[in-house]
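Reader: I am new to this structure. Please take one part of it and look at it closely, then tell me how the parts around it are built.

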Amino acid sequence: MSFFARFAQNRGALAGLIILLVIIAMAILAPLLFPESPWRMVQRPFLPPFSQDGFPLGTDTMGRNVAAGLMHGAWVSLLIGLVSTSVALLIGVPLGAIAGYYGGLIDDILMRFTEFFQTIPNFALAIVLVAIMQPSVTSIVLAIALVSWPPVARLVRAEFMSLRNREYVEAARLVGQTNRTIILRQILPNTLSPIIVLASLMVATAILLESSLSFLGLGDPNVMSWGYMIGAARTVIRQAWWLSFFPGVAILLTVLALNLVGEGLDDALNPKLSRER
Amino acid sequence: MKTPLALAISAAALTLTAAAMADEPRSGGTVNTIIQPEPPGLVLGMVQNAPTRTVAGNIYEGLLRYTTELEPVPQLAESWEVSEDGHTYTFHLRENVTWHDGEPFTADDVVFSADVFHRELNPSARAVLQHVESIEATDDHTVVFTLTEPFGPFLISFEAGTFTMVPKHLYEDTDFRNNEHNDHPIGTGPFKFANWERGTVIELVRNDDYYEEGMPYLDGVNWHIIPDGGSRAVAFENGTIDVLPSGTVENFDIPRLSAMDNVCMTEEGHEYFSPFAMLWMNNREGPTADKRFRQAVMYAMDREFARDVLWNGLGDVPLSAFGSNARFQHDGLEPYDHNPDRARELLEEMGYDGEAITILPLPYGETWTRWAEAVQQNLREVGINVSTQATDVGGWNQRLGDWDYDLAFTYLFQYGDPALGISRTYLSDNIAKGSPWNNVQGYENERVDELFNAAATAFPDEEREALYREVQEILHEDVPVGWLMELGFPTLYRCDVQDLVTSGVGVNDGFKDAWLDR
């Protein structure tokens with residue numbers, strides 16, 4: 001059975017994938033459908049949704065097009081989710097690999113270091129980091145990456161510990177491969193499937209974190225993100241529900257889709273486990 | 001069920017009774033209002049914070065009071081005279097005034113308050129007192145201020161918040177800051193301090209021995225302390241609170257609250273402070289150092305939009321450096337309308353090459369954030385390459401104090417006279433690192449310095465007017481800062497609270513006249 005066929009067996013995962021593709025399409029099409037800046041004040045404020053052509057989702061407190069904001073926001077959310085996850089992987093995977101492969105004192109040192117990050121609540125640390133670095137896309141990506149790498153390191157370390165004494169690794173050692181080659185060529189490829197599953201969930205968490213930061217006013221003031229839209233609409237929620245509703249639904253769908261896809265990947269990459277389930 | 005006709009009749013009858021009853025002030029009742037944030041203390045002159053002024057302005061009094069046109073009217077002084085040359089001011093005090101502890105109020109108290117108490121403790125009074133050579137009590141109820149030179153805004157400096165009368169018999173020869181009476185302020189005002197439950201409520205009760213017959217009408221005023229903005233709005237909605245002084249609820253709640261039944265709103269009562277929102281523009285470096293760039297910014301901004309959308313239509317778009325509540329406003333200047341084409345022309349003329357600049361919003365909440373977004377968008381639309389830097393209050397103070405900014409939002413009080421509230425922004429000797437409140441933009445113009453300094457001490461007003469006209473023409477052309485808006489600070493109240501805002505400082509001394517039509 002092909003990989004995709006196994007993935008598609010999980011109906012939820014398929015639905016998640018479709019939603020995700022739609023959101024990616026939104027992000028890509030945003031500059032084509034709404035070439036003007038989403039910050040542009042184009043109509044009178046507080047236009048309800050579906051009341052005027054060209055403004056399907058209405059306008060916000062300052063007469064900005066909510067649909068344009070939503071489309072451009074998709075780009076920001078996905079970008080921050082993907083980049084910060086990549087950065088988190090770049091930190092977590094090497095640390096976990098080294099700790100798990102070498103064990104002993106190196107493992108102890110690296111894991112104590114990891115625990116140091118794990119003991120501080122993620123969101124609190126992210127707020128502090130962004131506040132210190134001044135809010136911008138870069139600082140937000142860095143902050144999210146810095147609070148989300150420890151689980152990666154833990155996971156990779158566990159995988160490495162279970163794999164480092166397998167026969168094929170022993171064999172590689174016998175033929176004289178260096179530690180580096182063994183880590184990169186022999187063990188790492190075999191840990192990829194859990195990392196991929198974890199990464200897809202991390203993207204979802206990163207999007208949520210970014211939204212929460214923007215909601216609190218710690219977003220990059222120069223980009224229109226979903227969290228920002230909700231944060232700005234919070235104050236008028238009793239007058240204009242649609243301002244927080246649509247970006248809220250967008251966040252919900254994106255995070256849900258990523259979780260479904262993650263689960264589908266898990267099934268597809270570990271067919272044995274999923275059959276047992 | 002009532003028929004529409006019956007409803008109309010009963011409604012008319014209600015209106016009639018209300019109108020008949022509205023004629024004569026009636027005594028009785030206690031008003032519940034809000035103070036936000038909780039003041040650090042209540043002794044005016046020792047503490048200058050806005051919430052202190054608001055509560056204690058009803059306990060203490062000044063020699064004069066000011067109408068919403070900022071005309072001085074009698075308070076503790078019954079009448080006053082100014083000498084022909086503008087050097088001598090003579091105040092005749094009321095004779096039947098007593099302090100809340102029963103001691104009589106005399107000219108000695110005035111001399112003590114002005115010459116000793118405020119000189120030591122109160123920077124804003126000190127700024128006025130530096131023009132005063134001597135203060136003398138010629139008899140029990142007459143005080144003579146002799147000035148070193150005429151000082152135009154002298155007569156507007158006697159507001160209770162600036163020049164409070166404090167009791168000499170309780171404060172003389174004591175350590176003012178640790179005086180035992182600081183916890184139980186004694187003034188001459190219409191209300192006496194009764195109780196302060198920290199974090200909950202400050203209670204004032206009627207001063208039965210007040211010198212104006214029959215006043216005040218209220219039995220008391222309770223200032224509730226509710227730290228959360230949403231809860232304050234709800235407390236007003238559900239009827240717990242009768243009066244919301246300006247700034248006690250968020251801007252975006254105002255349209256909803258003011259649309260409620262039996263709720264009235266007034267924009268009067270802030271004339272003395274008349275907060276003026278401005279856009280600092282760094283005159284030292286970058287594109288903002290070019291006058292044409294600054295003019296382009298003025299043309300690019302849609303200030304009417306900001307007023308109508310962000311400030312719910314409250315406030316005024318200023319013509320130039322002098323607001324409408326400042327005296328001597330030159331109304332013949334050509335306004336900087338929203339004119340993006342003119343802005344683009346000016347940018348082209350100066351050869352603006354798209355150099356990136358930043359904008360620093362004022363970290364005072366949602367409205368200011370939205371405002372920065374709107375201005376940023378306005379500027380981008382004429383081709384200015386601008387981005388926003390978010391910051392907190394500390395960061396904002398530091399960036400401005402270090403002159404490390406291109407554009408930045410702020411607002412300043414005008415205090416009724418250009419020499420008190422306006423010149424400080426433009427005088428070159430007011431350029432000093434470290435403060436975000438002086439000539440932060442670094443504007444230097446010798447002629448402007450000369451004119452402002454001459455106008456402060458010119459006498460009489462006609463001479464001041466001529467000098468201020470010229471200065472406004474220069475400033476209007478140079479645009480040292482962007483003039484955004486004279487902010488409207490509305491007071492919301494139940495319509496049956498009558499005569500609440502009668503002076504240029506609003507509820508700060510307004511409960512004196514207020515009465516309940518219930």
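Author: Two residues are in contact if their C-beta atoms, placed from the backbone, lie within 7 Å. Among contacts in chain A between residues at least 6 apart in sequence, 70% join residues at least 24 apart. The model is predicted: local features need a pLDDT of at least 70 and side-chain atom pairs count only at pLDDT 80 or more, while totals for chains, interfaces and linings use all residues. Residues are numbered from 1 along each chain as its sequence is written, and chains are lettered from A and ligands numbered from 1 in the order in which they are written.

Chain A comes first. Its secondary structure comes to eleven helices and zero strands; helices (H or I, at least four residues) and strands (E, at least two) are DSSP runs, numbered from the N terminus. Along the sequence the pattern of chain A is α-α-α-α-α-α-α-α-α-α-α. Its C-alpha atoms fill a box of roughly 75 × 50 × 30 Å along the principal axes. Of the 277 residues in chain A, 44% are buried. A residue is buried if 20 or more other C-beta atoms lie within 10 Å of its own, exposed if 12 or fewer, and partly exposed in between, with C-beta atoms placed from the backbone.

The part for the close look is helix H2 of chain A. H2(A) covers residues 11-33, which is 23 residues. From its first C-alpha to its last it reaches 31 Å, close to the 33 Å expected at 1.5 Å a residue; the expected span is 1.5 Å times one less than the number of residues. H2(A) has a kink of about 35° at Ala27(A), shortly before the proline Pro31(A). The bend at a residue is the angle between axes fitted to the seven residues ending there and the seven starting there.

The buried residues of H2(A) are Ala13(A), Gly16(A), Leu17(A), Leu20(A), Ile23(A), Met26(A) and Ala30(A). An α-helix has 3.6 residues a turn, so residues three or four places apart point the same way. What do the buried residues of H2(A) pack against? They pack against helix H1 (3-9), helix H3 (66-102) and helix H10 (242-269) of chain A.

The loop between H2 and H3 of chain A holds Phe50(A). Phi of Phe50(A) is near 60°, a positive value in a residue other than glycine. Most residues other than glycine have a negative phi. Phe50(A) is exposed, with 11 other C-beta atoms within 10 Å.

Next is the place where the two chains touch. The contact takes 14 residues from chain A and 13 residues from chain B. On the side of chain B that touches chain A, the elements giving two or more residues are helix H11 (366-381) and strand S15 (386-388) of chain B. H11(B) gives the most, with five residues. By class, this side of chain B has four nonpolar, four polar and five charged residues. Here Ala, Val, Leu, Ile, Met, Phe, Trp, Tyr, Cys and Pro count as nonpolar, Asp, Glu, Lys and Arg as charged, and the others, Gly among them, as polar.

S15(B) also belongs to an open sheet of five strands, in the order S15-S14-S16-S13-S17 (chain B), with mixed pairing. S15 and strand S17 (481-486) of chain B stand at the edges with a single partner strand each, so one side of each is left without a neighbour in the sheet. Two strands pair if DSSP finds at least two bridges between them. Strand S14 (residues 357-360) of chain B pairs with S15(B) in the parallel sense over three bridges. In this pair, Ile359(B) stands opposite Thr388(B) of S15(B).

A second open sheet in chain B has four strands, in the order S4-S5-S7-S6, with antiparallel pairing. Its edge strands are S4 (77-82) and S6 (132-139) of chain B, and each pairs on one side only. S4(B) pairs with strand S5 (residues 88-93) of chain B over five bridges, and the bridge partner of Ser79(B) in S5(B) is His92(B).

Two peptide bonds in chain B complete the account. The bond from Met215(B) to Pro216(B) is cis, with omega near -5°, and Pro216(B) lies in the loop between strand S9 (201-206) and strand S10 (220-224) of chain B. The bond from Phe459(B) to Pro460(B) is also cis, with omega near -5°.
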